[in-house]
Amino acid sequence: MTRAGRARSHRSKKKRITLALSPLVAVAVAVPLMNSAGAATASEVSADCSADSDKLENCEFVDVQFKRDNLGPNQRVSPVSDNCGSTGTASKTFNVSASVTRTIQLEDGFTADAGTKLGNSFFEIGVKFNTSEINITRDDKTTTLAFSRTDTVQADSIGFFMWSAKRTDVSGFLRATYKEPQDGQKVFFSPSEGATSVHVFYPQILKNGTPDGRLWLRNVKCGTPEASGIQNSTRALRSEPGFGAGGENITDVEIPLSEVPAP
């Protein structure tokens, strides 16, 4: 009787100890589950900033470095004038048209409207880079270059105008502040703090309102692969070599912007 009573007492005590430990185990399991809520990734920060997400308290572009007079893509900005088969030069009238706007280089499909938190940040950053010689197009409006000009197309050549806009390249990163903490913090970056892989290109506008850049007349010898590529292309924005970089079949003559009428 005595030993049986002791055994019952021993089993009862073990059961009570086990029950007492169960809440502690539950708490220990719950803590890592709560902390496992993932922090915002760089791509999520980019997407939330682009969408002006309601989850954000703020999103801003942080500039780290800049470079003025950065030349943009080489663009054909007039129709092609054909003087093939002729042994003499020809005077041709060209209608030249080009436009510039602020562009953001981050990832495919990325946009930031002027009314968003990030769009406002781009505008405010752009203010810093105005100079006494040039203005910076800080918002997403378009500035146009448009005029007619008569110039010379060489013998047995095609002629057209090329343009490359000058831009101020400001590089940095995105800093997003979320309304609710994620993984214990509210501030996250894309791609990382201090990075310089987010680029914002601010077009440079001369004081008379003309976009700053390089304008040139290009003559290309007929019957050459270069001429055939242009004549058979339906895309005015096809990739073209830069000024003076076209090779022996191409002649480039730069046109001073002082000769371009102000808008």
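Tutor: Let's start with a word we'll need: a contact means heavy atoms within 4.5 Å. Keep in mind that this is a predicted model. Of the contacts in the chain with a separation of 6 or more, 81% are between residues 24 or more positions apart.

Student: Okay, and what is the secondary structure of the chain?
Tutor: There are 4 helices and 12 strands. The chain has 263 residues, and buried ones make up 37% of them.

Student: Why is Ser 53 called buried?
Tutor: Buried means under 20% relative accessible area. Ser 53 has 12%, so it counts as buried. You'll find Ser 53 in the loop between H2 and E1. Leaving out neighbours within four places in sequence, Ser 53 is in contact with Asp 48 and Lys 117.

Student: What makes Ser 53 and Lys 55 a polar contact?
Tutor: The cut-off for a pair of N or O atoms is 3.5 Å. A polar atom of the Ser 53 side chain lies 3.0 Å from the backbone nitrogen of Lys 55, and that is within the cut-off.

Student: Which residues of helix H3 are buried?
Tutor: In H3, residues 117-127, they are Leu 118, Gly 119, Ser 121, Phe 122, Ile 125 and Gly 126.

Student: How do you know that they line one face of the helix?
Tutor: Look down the axis of H3: the buried residues fall within an arc of 155°, so they line one face. What covers them includes helix H2 (42-51), strand E1 (56-71) and strand E8 (157-182).

Student: Why is Thr 103 called partly exposed?
Tutor: Thr 103 has a relative accessible area of 32%, so it is partly exposed. Thr 103 is found in strand E5. Not counting residues up to four places away in sequence, Thr 103 touches Arg 167, His 199, Val 200 and Phe 201. Thr 103 and His 199 are 96 residues apart along the chain, with their C-alpha atoms separated by 8.3 Å.

Student: What lines the largest pocket?
Tutor: Thr 103 is one of the lining residues, and others include Trp 163, Ala 165, Arg 167 and Pro 203. Strand E4 (90-100) and E8 are the elements that give two or more residues to the lining. E8 gives the largest share, 3 residues. The space in this pocket is about 170 Å³.

Student: What makes the phi of Asp 156 worth a look?
Tutor: Most residues other than glycine have a negative phi. Asp 156 isn't a glycine, yet its phi is near 50°, a positive value. Asp 156 is in the loop between strand E7 (143-153) and E8, and at 30% relative accessibility it counts as partly exposed.

Student: Where else is phi positive in a residue that is not a glycine?
Tutor: At Asp 183, with a phi of about 55°. Asp 183 is placed in the loop between E8 and E9. Its relative accessibility is 43%, so Asp 183 counts as partly exposed too.

Student: Which peptide bond is cis?
Tutor: Look at the bond from Ser 190 to Pro 191, which is cis with omega near -5°. Most peptide bonds are trans. Pro 191 is in the loop between strand E9 (185-190) and E10.

Terms used:
Residues numbered from 1 in each chain as written. Predicted model: local features only at pLDDT ≥ 70, side-chain atom pairs only at ≥ 80, totals over all residues. Heavy atoms only, no water. Buried < 20%, exposed > 50% of the residue type's maximum accessible area, 1.4 Å probe, protein only. Arc of directions from axis to C-beta. Polar contact = N/O pair within 3.5 Å; in protein donor to acceptor, adjacent residues only side chain to side chain. 1 Å grid on protein atoms, 1.4 Å probe; cavity = no way out; pocket = protein on both sides within 12 Å on 5 of 7 lines; lining within 4 Å. Points joined across faces, edges and corners; volume = space filled by probe spheres on them.
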